[in-house]
Amino acid sequence: MAKAFGSIISLTKSSFQLSECGSRSTSPWAEPAWYSVERPSPYYKESHVRLRNYVRKWAEDDPSEWAHYPIAAGIRAAEWDGFHDFIIWDELYRAPSISSAFIGLVVGVPPLKTYASTELQAKILPEILEGRKRICLAITEPSAGSDVRGITTTAELTLDGKHYIVNGEKKWITNGFLSDYFMTLARTGGEGAGGLSMVLIPRLPGIGTRKIEIGAGGMSATTYITFEDEGSGFKYTMSNFNHERLWIAFQALRGSRICLEDVMAWCQKREAFGKTLIEQPVVRHKLGHMARQVDGLQSWIESIVYELDHLSHAKGNASSFDRYMKLKWLGSELLGGVTGLLKVQSGIVGKYVADECQKLMGGLGLTKTGQGARIEAIARSVPTLIVPGGSEDVLLDLGVREAVKLSLKASKSKL
């Protein structure tokens, strides 16, 4: 498709328009509406455009020149908000093999940044942010997935009170066999949620890791971990899930746009029954259904990101850079259930769009090379939008329970 190149912007008090937004596809629904010259947005400002252009060029050109760890595009920490987070993941996911390399960092660092002592943060965070060490989040077990309360890995304090002895198994851990640190949910007390703690474990001789082959590809480095005599956790884990679920929605949205971009190009040149596919009403009908769901998902994501950026520390999700941390990982009194429902919807939309695009591509949609390659890869990876971060049934129930809880609380406050 044609590309537009150029520079940025014209600002008003509450919104701005792009005069041109770096390189972008002109195919319908391949990009968010705010990339368009004619579509203003109240959410995005100059630094968001600058970040979007920077990350797209970086991902398309030479990702190897990464990491000295000023923030990308020269954005100040005080400027960073949830929309910057949204943009950087949206752009990285356009080159999905790149985004997979960051997953362990995204889910493993938040508990450390939010809850660990300043001494531990000062020691570990520079190693990770400079790229010298890697970290993963180790929660799921062979017998405990969505039921986090059922975790059986134990961390027992030694008699001198200086060390923990950890025993157990973790499975389906992203980036696990590449990691130097394991942010691990373990049982330090009795049964149930109250007996769980988050333990940061360095790679030591008692830790075994092996790669698990999964259908969606190998870049995520899915791992089986065993701990053998290796020397408020539930709340931390639940709050960490909120950003993971939002981040899964980011992936589903961009994956759907990629599918629409490629199928639209195909429909404009493929002929069947004497017409191109795009000239046939049934095909336009399919595209219309996909487009409305993708744009609806975009709007829901943006509204939640906005809310998280403007809610208080306690009411939203979790604290300039610390305001950005709010997007990621604190309590989520108001939006925990909503974020769960968003994650469910993102999986439904991602699957629907991938399925419909494969049908329109025909045999090309099943082929790992050629014009249908991106659609085939995204369709194959759809389960990674649906399974991680909580199953659909569990999250639908969570969303309703949280809504009822907030409703009862509001009713009592009126008495």
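Is the crossing of H9 and H10 left-handed or right-handed? In this predicted model, the two helices cross in a left-handed way. Helix H9 covers residues 336–361 and helix H10 covers residues 373–380. Their axes lie 9 Å apart, and the packing angle is about 145°. On the H9 side, the residues that take part are Ala-354, Cys-357, Gln-358 and Met-361. They meet Ile-375, Glu-376 and Ala-379 of H10. Sorted by class, this contact consists of five nonpolar residues, one polar residue and one charged residue.

Helix H1, residues 46–60, has 15 residues. From its first C-alpha to its last, H1 reaches 21 Å, close to the 21 Å expected at 1.5 Å a residue. Among the residues of H1, Ser-47, His-48, Val-49, Leu-51 and Arg-52 are buried. Buried too are Asn-53, Val-55, Arg-56, Trp-58 and Ala-59 of H1.

Helix H2 runs over residues 82–93 and has twelve residues. At 1.5 Å a residue it should span 16 Å, and its end C-alpha atoms are 17 Å apart, so the value agrees with the expectation. H2 is mostly covered, with twelve of its twelve residues buried.

Trp-29 is in the loop between strand S2 (16–18) and H1. Trp-29 is not a glycine, yet its phi is positive, at about 65°. Its relative accessibility is 30%, and therefore Trp-29 counts as partly exposed. Ser-36 is also found in the loop between S2 and H1. How does Ser-36 count at 17% relative accessibility, buried or exposed? Ser-36 counts as buried, because the cut-off for that class is under 20%. Thr-26 stands ten residues from Ser-36 along the chain, and the C-alpha atoms of the two are separated by 8.7 Å.

Trp-172 has a phi of about 65° although it is not a glycine, and its place is in strand S5, residues 164–173. With a relative accessible area of 43%, Trp-172 is partly exposed.

Trp-172 is one of the residues that Glu-141 touches. Where is Glu-141 placed? Glu-141 belongs to the loop between strand S3 (135–138) and strand S4 (154–157). The relative accessible area of Glu-141 is 1%, so this residue is buried. Leaving aside residues up to four places away in sequence, Glu-141 touches Ile-151, Thr-152 and Thr-153, along with Glu-169, Lys-170, Lys-171 and Trp-172.

The last stop is Ser-197, in strand S7, which covers residues 196–202. At 21% relative accessibility, Ser-197 counts as partly exposed, because buried means under 20%. Which side chain makes a polar contact with the side chain of Ser-197? The partner is Thr-188, at 2.6 Å. Ser-197 and Leu-185 are twelve residues apart in sequence, and their C-alpha atoms are 5.9 Å apart in space.

Methods
Residues numbered from 1 in each chain as written. Predicted model: local features only at pLDDT ≥ 70, side-chain atom pairs only at ≥ 80, totals over all residues. Heavy atoms only, no water. Helix = DSSP H or I, 4+ residues; strand = E, 2+ residues; numbered from the N terminus. Expected span 1.5 Å × (residues − 1). Buried < 20%, exposed > 50% of the residue type's maximum accessible area, 1.4 Å probe, protein only. Axes fitted to C-alpha atoms, helices over the stretch in contact; angles between N-to-C directions. Left-handed = near helix turned anticlockwise from the far one by under 90°. Contact = heavy atoms within 4.5 Å. Nonpolar A, V, L, I, M, F, W, Y, C, P; charged D, E, K, R; others polar. Polar contact = N/O pair within 3.5 Å; in protein donor to acceptor, adjacent residues only side chain to side chain.
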